[in-house]
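Welcome! Please take a look at the structure below, and then read on for a short tour.

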Amino acid sequence: MASLVEKVTRAVLRLVAAQSPQKAGELAFLLFTRTRSTKPQSEKERKALARAAARMAQSETVRLVIPGSVVASHVFRPETAVEGGQRVLVVHGYRSRSDHMIALADALVAAGHTAVCLDLPGHGASTGRTLHLGKAVEAIDAAWRQHGPFDSFVGHSFGGPSVMAAAAGSILHVPQRRPDRIVTIAAPSDMAQVFRWAGKLLGLGAAAQNAFERQVLRFSGRPLSEFRVDRMMHDISIRTLVIHAEDDKEVAYSNAEAIARTGSHVRLMKANGFGHRRIVSAEPVTRAVVEFLGEGARAREIVGLPLPSSSEPNKLPATESRRPRRLA
């Protein structure tokens with residue numbers, strides 16, 4: 001059942017749309033992209049963030065300026081440099097924060113990598129009240145200029161299309177930032193589906209929905225239809241690991257299958273039983289990410305997650321060339 005706020009919002013949008021569908025679409029976009037508090041909503045989450053606080057305090061926090069926001073980047077380094085260590089950018093999802101990515105950051109550091117966790121605008125320690133794909137890519141670009149270049153991107157949920165858009169150069173006013181490898185975890189594959197879901201939630205009619213979707217062209221220079229993984233990444237063969245749970249109730253598993261269909265350079269792994277949020281801290285998942293990033297030729301030896309057989313089309317070539325690694 002819709003809440004009172006949702007009912008009032010829909011009523012207001014209907015009134016505005018009766019006068020101007022364009023204005024209703026613009027208002028819907030403002031509401032859709034306005035960030036909410038990322039303070040813990042439950043006792044369980046409060047305890048989890050309290051446990052993460054000590055580890056977050058040990059990171060080096062660097063604040064980066066982008067239009068309309070100051071974003072926080074948190075750097076976790078291994079105690080000693082390791083040959084083959086990478087610089088890895090870790091990007092959280094919507095209504096999340098870097099604190100939720102601590103288990104993954106620790107796993108990367110334990111393997112000798114430097115992990116840079118980015119708080120997206122309006123989330124965690126970052127300022128701002130607006131987040132959309134353009135703002136996320138601007139934040140990734142700022143992190144790249146300060147801490148990069150990065151060898152790998154890891155994105156959870158909304159962070160998945162964010163890192164792919166950055167790698168593809170999909171936001172026209174932001175330079176392309178292309179790593180050697182990408183990992184997506186529980187990520188959507190088509191932003192148009194997200195907009196259709198939001199339009200239905202807001203009760204938009206056809207004309208207002210079209211105006212709502214046209215706002216993407218304003219901030220990105222491209223229409224919404226271009227923000228589908230097969231179009232963003234159609235000519236980019238970045239070695240990619242896609243991790244998703246079939247029991248994910250927030251982002252359907254079919255999104256992972258769509259990403260996997262983009263080419264033989266993509267591998268799909270199931271992480272059933274971890275849902276949408278617990279998946280980022282699940283030990284089999286963090287282990288899979290570390291193995292994929294650090295031991296490309298041996299990635300098929302990961303234990304605990306089913307991998308494609310050698311006959312499947314999305315098997316990664318074991319001898320794919322890559323640029324020499326520098327010390328993290």
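The model is predicted, so local features need pLDDT of at least 70 and side-chain atom pairs count only at pLDDT 80 or more, while totals for chains, interfaces and linings use all residues. Residues are numbered from 1 along each chain as its sequence is written, and side-chain values use heavy atoms, with hydrogens and water left out.

The largest pocket holds about 1,400 Å³ of space. Of the 48 residues lining this pocket, Phe32, Tyr94, Val194, Trp197 and Ala198 are the closest to its centre. Helices H1 (4–19), H2 (21–33), H7 (191–202), H8 (206–220), H9 (229–232) and H10 (254–260) each give two or more residues to the lining. H7 supplies the largest share, 8 residues. By class, the lining has 24 nonpolar, 12 polar and 12 charged residues.

On a 1 Å grid over the protein atoms alone, a pocket is an open set of points with protein on both sides within 12 Å along at least five of seven lines, a cavity is a set where a 1.4 Å probe fits but cannot get out, and lining residues have an atom within 4 Å of a point. A volume is the space filled by probe spheres set on the points, which are joined across faces, edges and corners. Helices are DSSP runs (H or I, at least four residues), numbered from the N terminus. Ala, Val, Leu, Ile, Met, Phe, Trp, Tyr, Cys and Pro count as nonpolar, Asp, Glu, Lys and Arg as charged, and the others, Gly among them, as polar.

**The cavity**

A search of the whole structure finds 1 cavity of 30 Å³ or more. The largest cavity has a volume of about 60 Å³. Among the residues lining the largest cavity are Met164, Ile182, Thr240 and His265. Its lining comprises 8 nonpolar, 3 polar and no charged residues.

**Two helix pairs**

Axes are lines fitted to C-alpha atoms over the stretch in contact, with angles from 0 to 180 degrees between N-to-C directions; contact means heavy atoms within 4.5 Å.

| Helix pair | Angle | Axis distance |
|---|---|---|
| H5 (133–147) and H6 (159–168) | about 65° | 9 Å |
| H4 (102–110) and H11 (283–294) | about 40° | 9 Å |

In the H5 and H6 pair, the contact is made by Leu133, Ala136, Val137 and Ile140 of H5 and Pro161, Ser162, Val163, Ala165 and Ala166 of H6. For H4 with H11, the contact residues are Ala103, Leu104, Ala107 and Leu108 of H4 and Thr286, Val289, Val290 and Leu293 of H11.
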